[in-house]
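Hi,

Here's the structure I said I'd pass along.

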Amino acid sequence: MEQEAESSGVQASPGEPQPDQARNAAEFTAALRALRIYSGLSYRQLKGKAAARGDTLASSTIATALGRATLPREPFVAAFTRACGLGEAEAQQWLDARRRLAVAQQPSGPHTDPVPSNAEEQTTPNTGEVDRGPQRRHRYRHMRLVAAAAMGAGLALGSQTLLLPLSAPHRTTSATRPVRNLAILAVGSWAQIHPARTPRLCVTEGRDRTHRYATTIAAQSPCAQAVPPRTYIEPVGENLIQIQWHHPKYGIGCLTLLRHGPGRDLIEPRDDCAEDDPAQQFRIELVGPPASVHFRLRPAATGQCLSVRDQDTVAGAEIVEGRCSGAGDQEFLITLMPPA
């Protein structure tokens, strides 16, 4: 891509996400997410590509910046686009689009001074490691399920192709096999996760029915009500995956095992994604004969198994971790979805 940019100016490859189409900060970050999918690179690979160019781009920084609906800092945009394989001219297009949006979002008036290009997002991360601190930032803290249902699949897909990285084609055409018995691309794949006993249900947003934990957690619900968010599975090691939820409004959240407090053993989406966090890693194992294609999901932090609380088969039942028992409620089906 870089050589093409040098020889042909700023002409983009067919299907490559274009920053000029972004009308606001949310669409710009959605376009960056689409660029990442288009590049065919994982967060870890982007970190390595950036380091090879002398840039600093931590995996956690990428996940945090792409999960927000605010403009990332200029140094991040520059390092990220170059790591995705863009040449200097193409990367400059992204910087120009970002500056255009930064100026447009400033209040206008006779006493308004121009804002420096890096001054408007004091709370966004830089390209170094994010200080995760003793307390994580929770995702979807005030989100209600009825609101998510009302948004419906139409909002998830949207009329703008920049809303979700799902709209960007994968550049990777051949599936390596980072997960045995499941044809996940090395860069990751869109998917639906179903409890094996109730395949009409999908693992998606839910609430703790005991009311001890107030934020959104993973539960089983009818698949028609499971969009948004969309589920993206990214390999982070051999038979080890990170499960992301991509939401057109709330960005990217990584499913995280809660090990303490009132939400203990529940699974929550959190926006401080990191490939090296065992609480966000799940080992995937084939259960029974290969023809059944049933999988067990085991949190790397504990080695136990995900299951449906109380072996319940009704919609709304929470996904929890517990001792591996071999019971049917600890088996899941994974349907891979086309990149579309």
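First off, 65% of the protein's contacts between residues at least 6 apart in sequence join residues at least 24 apart (contact means heavy atoms within 4.5 Å). This is a predicted model, so to speak of local features I need pLDDT of at least 70, and side-chain atom pairs count only at pLDDT 80 or more, while totals for chains, interfaces and linings use all residues. Numbering runs from 1 along each chain as its sequence is written, and side-chain values use heavy atoms, with hydrogens and water left out.

On confidence: mean pLDDT (the predictor's confidence in each residue, from 0 to 100) is 77, and 74% of residues reach 70 or more. Over residues 109–176 it is below 50, though that stretch still has 166 contacts beyond near neighbours in sequence. Where pLDDT is low, the predicted coordinates should not be read in detail.

The protein has seven helices and 12 strands, as DSSP runs numbered from the N terminus (helices H or I, at least four residues; strands E, at least two). Of its 340 residues, 53% are buried, i.e. under 20% relative accessible area, with exposed over 50% and partly exposed in between (1.4 Å probe, protein chains only).

Pro-229 sits in the loop between strand 3 and strand 4. Gln-311, not a glycine, has a positive phi of about 55°; it is partly exposed at 48%.

Cheers
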